[in-house]
Amino acid sequence: MATEAKDIVARPRGSSDPVEMDLPIEGMTCAACATRIERKLAKEPGVQDSVVNYATEAAHVEFDAAAIPTKSVVDAIRAAGYDVRKETLQLGDLSNGSKSLLSEIESLPGVISVTSGSEGIDVEIVASDVVRRAVESIAGIEQSMSARHAEHGVLSVEPINRLKRKLILAVILSIPVVIISMSHGLLDFPGSRWLLLVLSAPVVFWAGSDFFTGAWTAAKHRATDMNTLVALGAGSAYVFSAIATVAPSVVSTSAAMPDIYFEAAAVIVTLILVGRYLEARAKGKTGQAIQALISLQPETATVVMEDGTEHEVPVDHVDVNSNLLIRPGEAIPLDARIVSGTSSIDESMLTGEPIPIDKNVGDEVFGGTINTSGAIVVNVVRAQADSTLQKIVETVQRAQSSKAPIQRIADRVAGIFVPIVIVIASIAAVVWYMIGPDPVLTNAMVRFVTVLIISCPCALGLATPTAIMVGTGRAARKGVLIAEGSALETGASIDTIVLDKTGTITVGKPTVTSVTTADGQSAEVLVRLAASVEMYSEHPIARAIVDYAEAAGLARLKAQDFKASAGFGVTATVDSNIVRVGRKTFASNGIINSDAWPTIQGEAAGETLVYVSSGGKPVGVLALHDVARSTSIEAISRLRTRDRRVIMVTGDNEEAGRNIARKVGIDEVFAGVTPQGKADAIADLRLKSGLVAMVGDGINDAPALAAADVGIAIGDGTDIAVKASDVTLMRNDLNAAADFLDISAATMATIKQNLFFAFIYNIVLIPVAAGVLFPAYGLLLSPILASAAMALSSVSVVGNSLRLRSA
């Protein structure tokens, strides 16, 4: 995830905390390029980790800003033969600003240089909305709305357009080359060979210039990549044909004119450009989920001033606590709370829930959602950089930039692939020259070129990241946020699913059903004491008790020294007495005998019991009842598919847990479990039952979420639960968990198909290109067919990944 603007401001160079940043990379052509950049960055002192993704054309780098400035990170990438997309901010005349201000800007992670230009201060930065906002914030200037979509994994349009222009020229010039060459002498005329030489030269050396410059750059760094194969293949075909045209005696001792392969050189370049163009467009489609999320936020907002007047301003200029008018049908610009009016809000684009949700005064609404009915006035609670939509975009971007463990196989192969292919091509050429039929030199050259051209490391490099990009994007549209690509891989193989009860299987809004007092105590005192302490807790049971007291008109007492013991209960001091609210053992605290508590019938009926003591004496017991979500039965049925084991775990009593479990179709229940006990249960299940996923929503669940192979947090759960999870469900529905597992399975199936195709393609066709079938069957593969196959291989892998969008 890219470092947030507020984090960059808070952590200038000199801070000991590591900085995480996404750098847009230019010049990568295959997976070997990504591997080379990672190796180069790994050698830089201060760089703690880096993941370079060929599909997203980005590097996620974690580095110590105190040890290495951004410029050195960028220079390291340049030294590897690539570049980082940059932009220059013109801040105008800051002559009145202090030197410390300029120094502060220069020290920001993401800032490459600060120089004085003709019109003021120029700041060169990594092309990033985050860095731009940080610089503009420190400089105290209005934030720019230009290029607000430059980040977030959206691939630049200009390289695609440049590729398109080269492709058009290559096609126009290659057509006459192919027609003349394939006429079998019908279109031969004096000077035809020279015409082919002239027509094919711009195709090979201008349209295909990137192949040669890329190969030369790699060679300078003692490396090889996809460009090396194409440059050697097309270059060899052209140079051989040029020599055969200019000085035919050099390549042939017979009187007949030697064969020429200008059409092969031109068509090789043209077809590979076609493949790259289609691949670039398809890669752009894999990032459409990010683009769709970004487009949800409107660019302007209607601010309601204190005097009641309305002004339309850019969203970037809206401050926290501003009041905004949202008319029916308009998108809500930022996270806010309704201060006037009621409406139904369509949150489907964030949560995947298709039914609009009724919202009243005091309810929170989220940026990017749609106001479907009444006009409302809202008060902004979070700035754009901290909004829920921004967090979702950053989470999806981080997942798309990450690498699943299965990708390591492809990366290792891609790292050695090109040198191996060059060796195979050279051996094939030598064998054909030594024992092949005449003309031996021509045949050796053709086999050399064909092996180089048909080999495709690109398909290997694209197999995993494109599927991860599409899979995480589809999950986001269904309200499922995946933090890391590894979660998708693990999710596809989950054996056991552990579900928390309260707020996960149930609605999470229990109600008080009975109040039973101890001897000498009153119901009013019992409820007031419990509510006075529970008002500081986030647990659904605590909210239910507080709501019950308010409905009864009971004023709360002043409570001090509040403490929460996760999974057990809460304590506070009220009227100089320590009040304990929670489990029976917790409230008793080892000094109240069990028979001192009143007899309760609720436990037999499956209700949750909350015990209250004050000053070491029992006060009474509250019984609460919660109901299962209407979607839980269907969701749990879906979770059981693929022979998965589903278990409920709860801190509640045995009967309360089993009562809910019976209603939703769960057979196994772990009841009365503490937070650490949940984590221990997860660890035990991992040893005995394979891979385990945990679904929960509260502080009590955080240890278990962290202990599971995949932790899945309900979106409206506590921050602690969400931070401890690998997956966040944006809607309160276990069907979202089932969606995640289904998408994981589909994504992994696609990755395996892609890798199988990529490996089989190379394993089968490289030997065919070398001519192994010629002795037995007389079959040979032409360089033109080889280049077509190479181009189609990458496109087919990306196309297969795109099927996930509708899976």
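Let me start with a pair of side chains: Asp75 and Arg78 meet in a salt bridge, with N to O at 3.4 Å. By salt bridge I mean a side-chain nitrogen of Lys or Arg within 4 Å of a carboxyl oxygen of Asp or Glu.

A word on the model before I go on. This is a predicted model, where local features need pLDDT of at least 70, side-chain atom pairs count only at pLDDT 80 or more, and totals for chains, interfaces and linings use all residues. Residues are numbered from 1 along each chain as its sequence is written, and side-chain values use heavy atoms, with hydrogens and water left out.

Back to the pair. Asp75 and Arg78 both sit in helix H3, residues 70-79. They are three residues apart, about one turn of the helix. Asp75 is partly exposed, at 29% relative accessible area. Arg78 is also partly exposed, at 33%. The cut-offs: buried is under 20% relative accessible area, exposed is over 50%, and partly exposed is in between, with a 1.4 Å probe and protein chains only.

How many salt bridges does the structure hold? It holds 22.

Another one is Glu654 with Arg658, at 2.6 Å from N to O. These two are four residues apart in helix H23, residues 654-664, so about one helical turn separates them. Glu654 is partly exposed at 36%. Arg658 is partly exposed at 28%. Salt bridges that share partners join Lys71, Asp75, Arg78, Asp83 and Lys86 into one network.

Asp500 forms a salt bridge with Lys678, the closest N and O atoms being 3.3 Å apart. What does this pair tie together? Asp500 lies in strand E18, residues 496-500, and Lys678 in helix H24, residues 675-689, so the pair ties together parts that are 178 residues apart in sequence. Asp500 is buried, at 6% relative accessible area. Lys678 is buried too, at 4%.

Strand E18 takes us to a sheet. Seven strands form an open sheet, in the order E17-E29-E28-E27-E18-E25-E26, with mixed pairing. Two strands pair if DSSP finds at least two bridges between them. Which strands stand at the edges? Strand E17 (480-482) and strand E26 (668-670) do, each with a single partner strand, so one side of each has no neighbour in the sheet. The twist averages 20° from one strand to the next. For that angle, axes are lines fitted to C-alpha atoms, for helices over the stretch in contact, and angles run from 0 to 180 degrees between N-to-C directions. E18 and strand E25, residues 645-649, pair in the parallel sense over five bridges. Leu499 stands opposite Met648 in E25.

Next sheet. Six strands form an open sheet in the order E9-E8-E10-E16-E11-E14, and the pairing is antiparallel. Its edge strands are E9 (310-314) and E14 (364-365), and each pairs on one side only. Strand E11, residues 336-340, is joined to strand E16, residues 376-380, by four bridges, and the two run antiparallel. Ser340 stands opposite Val377 in E16.

On to the surface. Val423, Ile427, Val430, Val431, Tyr433, Met434, Ile435 and Leu441 form a nonpolar patch there, with about 800 Å² of accessible area together. Patches take residues with over 30% relative accessible area and no salt bridge; like charges are joined within 9 Å, and nonpolar side chains (Val, Leu, Ile, Met, Phe, Trp, Tyr) within 5 Å. The areas come from the Shrake-Rupley method with a 1.4 Å probe, and for residues only the protein chains shown count as cover. Which helix gives the most to the patch? Helix H14, residues 407-435, does, with seven residues. Val430 is in H14.

The loop between H14 and H15 holds Pro439. A cis peptide bond joins Asp438 and Pro439, with omega about -10°.

Helix H15, residues 440-454, contains Thr450. Is Thr450 buried or exposed? Thr450 is buried, with a relative accessible area of 0%. Its side chain reaches the backbone oxygen of Val446 at 2.7 Å.

Last, two backbone angles. Asn321 has phi near 80°, a positive value in a residue other than glycine. Asn321 is in the loop between E9 and strand E10 (323-326), and counts as exposed at 58% relative accessibility. Asn589 has phi near 55°, again positive in a residue other than glycine. Asn589 is in the loop between helix H21 (584-588) and strand E23 (608-614). Asn589 is partly exposed, at 42%.

Notes: Polar contact = N/O pair within 3.5 Å; in protein donor to acceptor, adjacent residues only side chain to side chain.
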